[in-house]
Amino acid sequence: MFVVMDTVIQTVDLHKNFGRVKALDGLDLEVHEGEIHGFLGPNGAGKTTTLRILLGLARASSGSATVLGMHPWADAVELHRRVASIPGDVSLWPNLSGGEAIDLLSRLRDGGVDQATYKERKHHLCELFDFDPSKKGRAYSKGNRQKVALISALVMDAELYLLDEPTSGLDPLMEAVFTREIRRIAHENGVTVLLSSHILSEVEQLADRVSIIRAGRIVDGGTLDALRHLTRTEISFAQDSVDTHALDTLSQVHDLTVADGRVKFGADSDRVHEVLPLLGSLRVKGLLVAPPSLEELFLRHYGDTVTPPARQEEDDGGTHHRRHRAAPAGA
Amino acid sequence: MGALWILYRQRLRRDRWQVTVWVLSIGMLALFAVAAIAKTFGDDATRAQVLQLATAAPAILLLRGLPRGPGLDSFTFFEIFAFLGVLAGLMNTFLAVRHTRAEEESGRGEMIAATAAGRWAPLGATVLHGAVVNILVSIATALGFMAGGLDPAGSLVAGFATGAVGFAFLGVGLLASEFFSTSRGANGISSALVMVGYLLRGFGDATGQVGPDGTTMTAAWPSWISPIGWGQQTFAYTGNRWWPLLLPLALGVACTAIVVAIMARRDVGASVFAGRSGRADARPWLRGSFSLALRLQQGAIIGWCIGGLATGLLTGSLGSAIQSSITSNPQITAVLRGMIEAQGTSMTQLLVAALFEVAGILAAACGLQAVLRLRQEEVAGTAEPVVAESVSRMRWLGSFIGLGAVSVVLVMAFTALGAWLSLVASGDTSSAVGDVWQTAVDQLPAALIYLALPAAVFVVWPRATIPAGWALLGIGVVLGIYGGMLGLDQKLRDLSPFTHTPVTTSTGTDWSGGFWMLSIAAVLTALALAAVRRREVGTA
């Protein structure tokens, strides 16, 4: 399909204060039509607050937010007809069944799907997610409650999907089903998705572009390739009598240490494949390759303790951390 | 289908049993009241005598209403309307909080608001739901009175007065939901406001002007700041005035307007009084299931103790107000005072007995809440980590019952303190002043029953704990405290613990009923403690 670079979500200098706490501190976010946009950040960074403002559930203290060309707080009802959302924590009515809750939420969204299509889709999704809709709300586990929100978001058509840690509580099997469904609607219907998460791997599987939020402002953004460039993969293997000298000389290898009988080092994530032949020729045993975690990314690039200069980035914004980002890759 | 209609139907679906029970109970109570009163107080002469006694000893009016003549219809309205108003009020505050604050607190409100329903449709649907329910209450009450054989026109006024009081408290419940971040807080404050409404009109009725024949009365100003008082001002059956009902309706609309103004500015899930942040470190005493129970219930206990203190303080101030209203009507009172004294009960003792009955209900409710907390803890999943530690289920249950007992004692202690202080301050020097402590102790056995009984239910039939707990208390109040005035059969009244509450008079106290209740409470508690060892802690 053709990607039209229209802006679906735009926030400019968005602030949200809760008393003295600055939940959002000048957030500039831009999401284009037809893209799956990953919204990454640690707990408490302001992801949920941003999504709530975009949905018109919370009101910005200052700054502007535009969603599908509308003002979310003032045009909430109009906006919600075109938006599907999934919260990260779903609570159900104790005496309504899961199926009833799905029907209620879908009818309220009023997405203009006829009755027969709706029933068919609901049935299909319930099977896909292995969900029993006839139990009462109080009887579901966390993961099953989450499925109610997933199904009622996917059962109707929408132009924009706002997903706030949508897979929390799901087992890996269901996570995979969810990822497939999101990819399907994105490709078939060309919808826009804003996916908030603190799990890097989840975002990596889906997102075209990402924005990284920390302490209420976007600190980095761009394509996934650019993000990979930022991260290091943790590699370790049993020391035995392997001569690690050859590794030391590779430019992709950083912080090589030997401790507790294991050799550990970090490799630039986009250059892991360049290290593997050497590991093979060394015949290493007990090889572990750990993909970069978001926490590691933050510690390495934005952490206050690991890299003291990062403190300054709050004053001079983009320019500093870009310079800083280049450092570990070239070290 | 519009979002408003869908949400309205969802509210009907959720409440179908609850609202049916409330509406039918209120209607049945109206019918029942007429039948019982017709049986017990058969003719105008008897009823006139009762009214003259009441206007002479206005302490009685506190728990009843505003006398407007001895006819069966107006007498029934006098006896039962204030209580119907309380029921309608509580039904509405619970309904309002259930569909607004509780929804937002659980996060379900947020899911709804994220659909095309937006932020306003849920409020609209709740107001519509409440309004319709209040019309149903009005019709049920009117039909109840009519079926009892009362005048249809007056019954309509009485019925819609009940519904209008309910609508006022619907607004109060909605407004409380804007201010508090938890449904617990919103329910607590709005139920307390219903009780304030009841006591204000009680105060106004008891200090009003007695009419020439002693069977009618004009309420004093406090009745005019209570929605229940406004309902009484319709003078159903004797005056059939509709205009006072504009006041509760206006209050309901005004509260809703304020709610709209607040909601236009606040985030979904936020409240005017933001949830405060807590302590970073637990206090040293928080180290076991009893101290946990105390930590969880401390706010509620303080609230109920303030209620007890206020009820106690009312004794002295009401006492002196009544003294002056009696001296203003010497002929009747001279005769009637003799009657009361002849029964061995002084005016102050009568007042103390009446008010401490109310305080006894407060104490029972406070203790009951501690036991119901067990079930809330279990459902929320916070019970599990506690019993997973080195706390046995028996000890866990025992801690909450124990805390319930402590809170019962505290509420009565504050009531007695308030009564003692206000009586001393009002210059009362009779022996009744010292009797307040004894009267406070008299209320304990009945309240303890309301710890042991729900604890037993909690062990045997967990899911019924909360509805059964409040229902048992409600039934106990109706049978025990209103049973006499309704002329209920003694066997029925004997089912209520409050019927057996020892009464302290000048001639002493009969504690035989009290000892029986203490024994029953002890046995039930022991059984619950033994049985909980065989019961699992779960959420179902």
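User: Which residues does A:H37 touch, leaving out those up to four places away in sequence?

Analyst: Happy to start there, and do keep in mind that this is a predicted model. A:H37 sits in strand 3 of chain A, which covers residues 36-40. Beyond its sequence neighbours up to four places away, its contacts are A:V31, A:V193, A:L194, A:L195, A:A207, A:R209 and A:S211.

User: How far apart are the C-alpha atoms of A:H37 and A:A207?

Analyst: A:A207 is among the residues that A:H37 touches. The two lie 170 residues apart along the chain, yet their C-alpha atoms are separated by 5.3 Å.

User: Is A:H37 buried or exposed?

Analyst: The count to look at is that of other C-beta atoms within 10 Å, and 20 or more makes a residue buried. A:H37 has 23 of them, so A:H37 is buried.

User: Which strands are the edge strands of the open sheet?

Analyst: The sheet has 6 strands in chain A, in the order 5-6-7-3-8-9, with mixed pairing. An edge strand here pairs on one side only, which leaves strand 5 (83-86) and strand 9 (217-223) of chain A.

User: What angle does the direction of helix 1 of chain A make with that of strand 6 of chain A?

Analyst: Helix 1 (residues 47-54) packs on the sheet, touching strand 3, strand 6, strand 7 and strand 8 of chain A. Its direction and that of strand 6 (160-164) of chain A make an angle of about 150°.

Note on methods:
Residues are numbered from 1 along each chain as its sequence is written. Chains are lettered from A and ligands numbered from 1 in the order in which they are written. This is a predicted model: local features need pLDDT of at least 70, side-chain atom pairs count only at pLDDT 80 or more; totals for chains, interfaces and linings use all residues. Helices (H or I, at least four residues) and strands (E, at least two) are DSSP runs, numbered from the N terminus. A residue is buried if 20 or more other C-beta atoms lie within 10 Å of its own, exposed if 12 or fewer, and partly exposed in between; C-beta atoms are placed from the backbone. Two residues are in contact if their C-beta atoms, placed from the backbone, lie within 7 Å. Two strands pair if DSSP finds at least two bridges between them. Axes are lines fitted to C-alpha atoms, for helices over the stretch in contact, and angles run from 0 to 180 degrees between N-to-C directions.
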